[in-house]
Amino acid sequence: MSGARLAEALSRGPFCLALRLAVRESGLSLDRLQFKLRERGAPVSKTALSYWQHGRNQPERPESLRALAAIEEILGLDAGALAALLGPPRPRGRWLVQKPGALRPDQAWARPDGLARALQRMGSSLDAFHQFAQLGLHLHLTVDAEQRLESISHHLVARADVDGIDRKIVAVRSDAGTTEPLEITSTRGCRVGRQRQDEPTGFTTFELLLDRPLRVGELAVLHYKVRTSLPDTLHSQRVQQSMRDFSMQVSFAPSVLPARVCRRYRSSVSDSGTVTDLSVGASHTAAYAVLDPSPGIHTLAWDWF
């Protein structure tokens, strides 16, 4: 079974899981691996090896990449098997905490400063968004008879990319200017923890406490509903590179069917994006679904004019 997991990780990633499983399969301790690297003239600290295994960072500098090639040899892997999972180098500086292929906060949000403040108020940070990889996400929005966005139901499959993860951090932003706290209901696989706001920028962040801590590579199925009652006429979802299937639906009260519903895709907040019209069916619902969605900002929008 461990060999099959390793083969899958080497095929699909992430890098940290593939490295961890390869080391485990070899039977080497980190101390022994570090000794063998030193013998080959490619020394790496035990702390760095541990960080690589648990997704805290990845080898990027030339000397680290040379050491990675030596690790592949020591562990009996094909040359480049682990290096192929690294993806592009991580950005340096303010948005350092980042998984390869992930949107930086300044690419994903118009006011990332408000997101950072809301996270700080709950004792968390931007790092929390990169401890889970969302593999599947399905959203169902409901609009009530007063043309208000009543609720957003989330059903997701996520993979732990660090060991011992016991919560998922979620961020919601509205331009409606309300100071009313969001209500999180109908949770399955999790329960609601702390919730914080940054009123000037409209951010709310909250914790979903998992039923049990997860080991790196384990999957979790989570469901929760955000009750909003906001006059918003759109909802945007940030999608990362790890997503395999994604869908959005919006259902309207029969008395307030919209004149138009459309989907919009943007690669970042600075991108003008593309727009596609959607039809509203007999169930008063418009929807779209996509496999392997492009990373970026996916939006459903509607109006009555």
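Visitor: Which hand is the crossing of helix 3 and helix 4?
Guide: The crossing of helix 3 and helix 4 is right-handed; that is, the near helix is turned clockwise from the far one by less than a right angle. Helices here are DSSP runs (H or I, at least four residues), numbered from the N terminus. This is a predicted model: local features need pLDDT of at least 70, side-chain atom pairs count at pLDDT 80 or more, and totals for chains, interfaces and linings use all residues. Residues are numbered from 1 along each chain, and side-chain values use heavy atoms, without hydrogens and water.

Visitor: What angle do helix 3 and helix 4 pack at?
Guide: About 115°, with the axes 10 Å apart. Axes are lines fitted to C-alpha atoms over the stretch in contact, and angles run from 0 to 180 degrees between N-to-C directions.

Visitor: Which residues meet there?
Guide: L30, D31, L33, Q34 and L37 of helix 3 meet K46, L49, S50 and Q53 of helix 4. Contact means heavy atoms within 4.5 Å. By class, four are nonpolar, three polar and two charged. Nonpolar covers Ala, Val, Leu, Ile, Met, Phe, Trp, Tyr, Cys and Pro; charged covers Asp, Glu, Lys and Arg; the others, Gly among them, are polar.

Visitor: And at what angle do helix 3 and helix 5 cross?
Guide: Roughly 115°, and their axes come within 10 Å. That crossing is right-handed. L33, K36 and L37 of helix 3 touch A67, A70, I71 and I74 of helix 5. Six of these residues are nonpolar, none polar and one charged.

Visitor: New topic. How many cavities of 30 Å³ or more are there?
Guide: Two. A cavity is a set of points on a 1 Å grid where a 1.4 Å probe fits but cannot get out. Volume is the space filled by probe spheres on those points.

Visitor: What lines the second largest cavity?
Guide: R5, L17, R20, L21, R24, R215, V216 and E218, each with an atom within 4 Å of a point. Helix 2 gives the most, four residues.

Methods: 1 Å grid on protein atoms, 1.4 Å probe; cavity = no way out; pocket = protein on both sides within 12 Å on 5 of 7 lines; lining within 4 Å. Helix = DSSP H or I, 4+ residues; strand = E, 2+ residues; numbered from the N terminus.
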